[in-house]
Amino acid sequence: MQLSVDPAAATPPYEQIRAQIAERARSGELPTGLRLPTVRALAEELGLAAGTVARAYRELEADGVVETHGRRGTLIAATGDTAHRLAAAAATEYAERATRLGLSHADALAAVDTALRLAYVGA
């Protein structure tokens, strides 16, 4: 698996790794069930500390992109359903909190629109 990390970039190395693996999993370039390199092997390949790669893998697992199966290793998960399920749960939590805060429907939508615009365009 060819990944690249730019040590001079503003984005931390673990996030660069996480983003590349997540995108490749979403696109199908990394198919469901594919076994990823061990933390140590990928860290060595990229010239990074094992903790950096481990954090990327933990983030990917939290996002449902990969699944860790002990001795079987870390595998690409079926992300479509998981990603949509996690996004729906986050949206529900936001809606409940916006309601508790007394935001109007329009204000709650405006906050989401701004956050999404920053995440997708301003990042």
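Predicted model: local features only at pLDDT ≥ 70, side-chain atom pairs only at ≥ 80, totals over all residues.
Start inside. In soluble globular proteins, nonpolar side chains tend to be buried together. Here, the largest nonpolar core holds 18 residues. Which of them touch the most other members? They are Ile17, Ile21, Leu42, Tyr57, Leu60 and Ile76. Now ask which helices supply this core. Helix H1 (13–27), helix H2 (39–46) and helix H3 (50–62) each give at least two residues. The largest share comes from H1, with 5 residues.

Next, stay with helix H1 and look at its charges. The side chains of Arg26 and Glu23 meet in a salt bridge, with N and O 3.9 Å apart. That pair passes the test because a salt bridge needs the nitrogen within 4 Å of the carboxyl oxygen. Both residues lie in H1, 3 residues apart, which is about one turn of the helix. Are they buried or exposed? Arg26 counts as exposed because its relative accessibility is 55%, and the cut-off for exposed is over 50%. Glu23 is at 44%, so it counts as partly exposed.

Move to helix H3. Arg55 and Glu59 both lie there, 4 residues apart, again about one turn of the helix. Their side chains form a salt bridge, 3.6 Å from N to O. Arg55 has a relative accessible area of 36%, so it is partly exposed. Glu59 is partly exposed too, at 30% relative accessibility.

Arg55 has another contact to find. What does its charged end sit over? It sits over the ring of Tyr14, 3.8 Å from the centre of that ring. So Arg55 takes part in a salt bridge with Glu59 and also places its charge over an aromatic ring. How many aromatic pairs does the structure hold? The number is 0.

Asp113 is partly exposed, with a relative accessible area of 38%. Salt bridges can also share partners. Such bridges join Glu15, Arg18 and Asp63 into one network. How many salt bridges does a search of the whole structure find? It finds 6.

Now turn to the surface. Tyr94, Leu101 and Leu103 form a nonpolar patch there. Together they have about 280 Å² of accessible area. Where is Leu103? At 37% relative accessibility, Leu103 counts as partly exposed.

Finish near the start of the chain. Val5 is in the segment before H1. It counts as partly exposed because its relative accessibility is 21%, while buried would mean under 20%. How far is Val5 from Thr52? They are 47 residues apart in sequence. In space, they are 11 Å apart, C-alpha to C-alpha.

Technical notes
Residues numbered from 1 in each chain as written. Heavy atoms only, no water. Patch = residues over 30% accessible without salt bridge, like charges linked within 9 Å, V, L, I, M, F, W, Y side chains within 5 Å. Areas by Shrake-Rupley, 256 points an atom, 1.4 Å probe, with all protein chains shown as cover. Buried < 20%, exposed > 50% of the residue type's maximum accessible area, 1.4 Å probe, protein only. Phe/Tyr/Trp six-rings, centres within 6.5 Å; stacked < 30°, edge-to-face > 60°. Lys NZ or Arg CZ within 6 Å of the ring centre and 35° of its normal. Core = buried A, V, L, I, M, F, W, Y, C linked by side-chain atoms within 4.5 Å.
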